[in-house]
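Hello,

Here is the structure I promised to pass on to you. Have a look at it first, and then read on for what turned up in it.

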Amino acid sequence: MPDGPDRSKGSNQDIEPYRIDMPQADLDDLRDRLDRTRWANELPLEQRGTGVQIGPVSPGWEYGVPVDYVRDLVDYWRDGYDWRSWETRLNSYEQFTTTIDGQNIHFLHVRSPEPDATPLILTHGWPSTVVEYLGHIDELTDPRSHGGDPADAFHVVIPSIPGFGFSGPTHEAGWNRYRIARAWAELMRRLGYDRYGAHGNDGGALVSPELGRIAPEHVSGVHVTQIFSFPSGDAAEFEGLGEDDFQNLRFLQTFNDEMSGSLRCCPPSPRTSPMRWPTPRPDSSRGAVSCSATPQALTRS
C-alpha cells in the first residue's frame with residue numbers, strides 16, 4: 001500500500017485530501033504470493049482435541065487455525081475478493097490525512113446535509129479498518145433520506161487507528177488507547193468540532209471511553225458495542241455462574257497466562273494489572289458454581 005507523504009516528523013497541522021489508488025503491481029504481487037503459498041502439515045482432526053466445545057474454542061481449533069480454513073480464505077483473497085470495487089466504494093467518501101503527534105492519521109469525514117447534525121467520531125476495532133462503518137455512513141449522516149428523523153443526523157469522522165489501513169506505518173511504539181484518544185481529541189479540534197459524541201467497537205471500545213475521560217468538556221457522550229470487564233477477585237462476582245460461564249473464564253485465564261509470558265519481554269503499562277479471580281467450586285445444592293476467595297486460575301475442585 002502506498003505510504004503517502006512522509007509526515008513522521010514535525011508538527012504540520014494541515015489537513016490534506018486523500019484518495020486510495022493501489023498500484024496494480026502491488027495487487028499482482030499479492031496474487032503471485034498467494035499462488036505460491038506453501039502449506040503446513042497439521043495433526044489429524046481426531047488428534048487435535050476432544051471434539052467437545054471448550055469455552056469459545058470450536059472443535060478442531062485447539063491448536064490454532066485449521067489449514068483447510070486458511071486454504072478457503074486464501075482462495076477467496078485470490079479469486080473472490082475484488083479490491084478495486086472496495087477501493088471505489090471507499091473513495092466515494094471524502095478522505096483526508098493529517099499529522100498528529102508525529103504520526104500520519106488517515107480518516108473519513110462525511111458531513112451531514114442537516115446543519116444541526118451532531119459530530120460523531122467512530123473508532124474501529126482490531127484487527128480491522130474503517131470499512132466496519134461504511135454500511136452506516138449514509139444513514140447516520142442523512143437519516144431523512146432513509147426514513148429516519150433528521151434530528152438524529154451526524155457529521156461522522158472515521159479515523160484509521162495508527163498502524164492500521166492508511167494511518168501508517170507507525171514510526172515508534174507506544175500507540176496505546178490513551179495516546180490514540182489524545183490524537184482523536186486533537187483531530188476533532190482541528191476539524192472545528194467543539195462538542196461531539198464518540199463510538200467504538202472492539203479495540204475502539206477501549207479508545208472511545210478514554211476520549212471521554214481525556215476531553216470531558218468536549219465529549220457529549222460515549223457509546224460502545226463491547227464492555228471490557230475482568231474479574232477483580234471478589235467471590236460475589238461469581239455467584240450464580242454456570243459451567244458454560246466458567247469454561248469461558250478458563251479460556252480467558254489461559255489466554256491471559258499465555259499473554260503474560262510474552263509480556264515478560266514487553267512489560268505492560270503501570271495502569272495494567274493482571275486478572276485475578278477466585279477458584280470456582282461446585283455447589284450441588286444450587287446447580288451452579290460457587291467460589292473460594294483464593295485468587296488463582298480457574299479450575300474445578
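A question to begin with: is E114 buried or exposed? E114 is buried, with a relative accessible area of 11%, which is under the 20% cut-off for that label. Please keep in mind as you read that this is a predicted model.

E114 lies in the loop between β3 and β4 (118-123), while R144 lies in the loop between α4 (137-141) and β5 (154-159), so the pair ties together parts that are 30 residues apart in sequence.

Now to the chain as a whole. There are 301 residues, of which 38% count as buried. The chain has seven helices and nine strands. Looking at contacts between residues at least 6 apart in sequence, 66% of them join residues at least 24 apart. The exposed surface comes to about 17,600 Å², and carbon and sulfur atoms supply 52% of that area.

Back to the charged pairs: the whole structure holds 15 salt bridges. One of these is between D101 and R179, whose closest N and O atoms are 2.7 Å apart. This pair links distant parts of the chain, 78 residues apart: D101 sits in the loop between β2 (95-100) and β3 (103-110), and R179 in helix α5 (residues 177-190). D101 counts as partly exposed, at 47% relative accessibility, whereas R179 counts as buried, at 10%.

R179 has another neighbour to look at. R179 lies over the face of W175, at 4.2 Å from the ring centre. When you turn the model to R179, then, look for both D101 and W175.

Another salt bridge joins the side chains of D32 and R36, at 3.0 Å from N to O. Here D32 is partly exposed, with a relative accessible area of 36%, and R36 is exposed, with 53%.

Which rings go together? The structure holds five aromatic pairs. Among them is the pair of F238 and F246, which is stacked, with 5.9 Å centre to centre and 20° between the planes. The pair counts as stacked because its planes are under 30 degrees apart. Both residues count as buried: F238 at 2% relative accessibility and F246 at 0%.

What makes up the nonpolar surface patch of about 680 Å²? The residues are W61, V65, Y69, L73, Y76, W77 and Y81. Of these, Y76 has its place in helix α2 (residues 67-80). Y76 is partly exposed, with a relative accessible area of 42%, so it passes the cut-off of over 30% that patch residues need.

Enjoy exploring, and write back with any questions.

Best wishes

Technical notes
Residues are numbered from 1 along each chain as its sequence is written. This is a predicted model: local features need pLDDT of at least 70, side-chain atom pairs count only at pLDDT 80 or more; totals for chains, interfaces and linings use all residues. Side-chain values use heavy atoms; hydrogens and water are left out. Patches are made of residues with over 30% relative accessible area and no salt bridge: like charges are joined within 9 Å, nonpolar side chains (Val, Leu, Ile, Met, Phe, Trp, Tyr) within 5 Å. Accessible areas come from the Shrake-Rupley method with a 1.4 Å probe; for residues, only the protein chains shown count as cover. A salt bridge is a side-chain nitrogen of Lys or Arg within 4 Å of a carboxyl oxygen of Asp or Glu. Helices (H or I, at least four residues) and strands (E, at least two) are DSSP runs, numbered from the N terminus. Buried means under 20% relative accessible area, exposed over 50%, partly exposed in between (1.4 Å probe, protein chains only). Rings of Phe, Tyr and Trp (its six-membered ring) pair if their centres lie within 6.5 Å; planes under 30 degrees apart count as stacked, over 60 as edge-to-face and the rest as tilted. A charge sits over a ring if NZ of Lys or CZ of Arg is within 6 Å of the ring centre and within 35 degrees of the ring normal. Contact means heavy atoms within 4.5 Å.
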